[in-house]
Amino acid sequence: MNLARTIPGQSMKLDDQSIWEKFKSSLSKVYLTSWKGFKIDEMVAVTCVFEGAADEVDFQERTLYEIAGRHKGIVGGEANGRYGYRLTFAIAYLRDLAMDFGVLGESFETSVPWDKVLNLCRNVKNLIAKEGAKHGVQFGMLNSCRVTQVYDSGAAVYFYFGFNSRGLKDPMHVYEAIESAARDEIIACGGSISHHHGIGKLRKAWVDTTVGPIAISVMGAIKNELDPKNIFANNNIIDAPSSKL
């Protein structure tokens with residue numbers, strides 16, 4: 001994750017550190033910037049979770065740290081990872097609090113093959129910034145992304161964006177326009193509608209582009225046979241007459 005994601009995670013640190021812990025934290029910053037030459041505005045962070053038996057985890061850690069070392073990466077310790085996870089649990093509450101002050105924001109995710117990850121991240125972030133300016137957003141936007149899950153064939157990428165709605169006549173319309181344009185760009189860059197959040201009603205506009213009319217027809221036929229009264233997942237993915245319970 002880039003700095004836009006790392007700083008909020010670090011803000012979740014508990015202010016109960018001893019004098020010694022605070023000294024070590026300050027010393028670490030000096031080591032990174034002055035000794036190792038890291039630039040604060042360019043550095044990124046990676047939080048990894050290792051799973052398996054003890055010997056499997058040990059092998060995974062050694063292998064990953066060796067790869068990171070070859071590319072001048074530095075092991076940051078498990079504490080920083082915990083701060084990041086605290087933000088994961090708190091982000092929805094922070095979003096709701098921000099809305100009370102006129103700030104709209106949300107996240108959305110996709111899955112994409114490895115050879116398209118960088119291009120997709122760059123293009124979608126650039127588009128979000130341009131769409132914000134196009135629709136009259138007057139203040140700097142939160143606009144970042146991170147890879148959350150990795151696989152042999154590709155990765156899951158989360159995008160986060162938010163903006164201060166002051167001065168906008170219809171903030172919700174602006175939000176929907178930006179997100180819709182971003183999803184169009186994701187599809188154009190080879191990404192999927194969703195990684196694990198599903199499709200439902202909000203994303204079904206992109207189903208036809210993704211799977212084609214024949215696949216939709218097949219799903220519709222199966223739906224009609226198994227759920228002719230359209231009780232389950234009413235109008236999710238496929239439009240059908242609403243059920244009357």
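Student: Which residues do ring pairs link into a cluster?
Tutor: This is a predicted model. A search of the whole structure finds five aromatic pairs. Ring pairs build a cluster out of Phe108, Phe159, Phe161 and Tyr175.

Student: How are the rings of Phe108 and Phe159 arranged: stacked or edge-to-face?
Tutor: The ring centres of Phe108 and Phe159 are 5.7 Å apart, with 25° between the planes. Planes under 30 degrees apart count as stacked. The pair of Phe108 and Phe159 is therefore stacked.

Student: How many residues apart in sequence are the parts that this pair ties together?
Tutor: Phe108 belongs to strand β1, residues 103-113. Phe159 belongs to strand β3, residues 154-164. The pair thus joins parts whose separation in sequence is 51 residues.

Student: What is the angle between the planes of Phe108 and Phe161?
Tutor: Phe108 in strand β1 and Phe161 in strand β3 are 53 residues apart, and their pair links distant parts of the chain. The distance is 6.1 Å centre to centre. The pair is edge-to-face, and the angle between the planes is 70°.

Student: Is Phe161 buried or exposed?
Tutor: Buried means under 20% relative accessible area. Phe108 is buried, at 0% relative accessibility, and Phe159 is buried too. Phe161 has 1% relative accessibility, so this residue counts as buried.

Student: Which residues does Glu131 touch, not counting residues up to four places away in sequence?
Tutor: Glu131 sits in helix α5, residues 117-134. From C-alpha to C-alpha, Glu131 is 8.8 Å from Ala182, and the two are 51 residues apart in sequence. With residues up to four places away left out, Glu131 touches Ala177, Ile178 and Ala181.

Student: Why does Glu131 count as buried?
Tutor: The cut-off for buried is under 20% relative accessible area. Glu131 falls under this cut-off because its relative accessible area is 13%.

Student: Where is the kink in α7 centred?
Tutor: α7 has 20 residues, and a straight helix of that kind would reach 28 Å at 1.5 Å a residue. The end C-alpha atoms of α7 are only 21 Å apart, short of that span. There is also a kink of about 80° in α7. The kink is centred on Pro213.

Student: What is the phi of Asn235?
Tutor: Asn235 lies in the segment after α7 (207-226). Another residue in the segment after α7 is Ala233, whose phi is near 50°, a positive value in a residue other than glycine. Asn235 is not a glycine either, and its phi is positive, at about 65°.

Student: With which side chain does the side chain of Asn235 make a polar contact?
Tutor: Asn235 counts as buried, at 17% relative accessibility, whereas Ala233 is partly exposed, with a relative accessible area of 45%. The polar contact of the Asn235 side chain has a distance of 3.4 Å. The partner is the side chain of Asn234.

Student: Is Val46 buried or exposed?
Tutor: Val46 is in the loop between α2 (19-35) and α3 (54-70). Its C-alpha atom is 9.0 Å from that of Val147, and 101 residues along the chain separate the two. Exposed means over 50% relative accessible area. Val46 has 68% relative accessibility, so Val46 counts as exposed.

Student: In what order do the elements of the protein chain run from the N terminus on?
Tutor: The protein chain has seven helices and three strands. From the N terminus on, the order is α-α-α-α-β-α-β-β-α-α.

Student: What percentage of the accessible surface belongs to carbon and sulfur atoms?
Tutor: Buried residues make up 26% of the 245 residues in the protein chain. The accessible surface comes to about 16300 Å². The part that belongs to carbon and sulfur atoms is 60%.

Conventions:
Residues numbered from 1 in each chain as written. Heavy atoms only, no water. Helix = DSSP H or I, 4+ residues; strand = E, 2+ residues; numbered from the N terminus. Buried < 20%, exposed > 50% of the residue type's maximum accessible area, 1.4 Å probe, protein only. Areas by Shrake-Rupley, 256 points an atom, 1.4 Å probe, with all protein chains shown as cover. Polar contact = N/O pair within 3.5 Å; in protein donor to acceptor, adjacent residues only side chain to side chain. Expected span 1.5 Å × (residues − 1). Bend = angle between axes of the 7 residues up to and from the residue. Phe/Tyr/Trp six-rings, centres within 6.5 Å; stacked < 30°, edge-to-face > 60°. Contact = heavy atoms within 4.5 Å.
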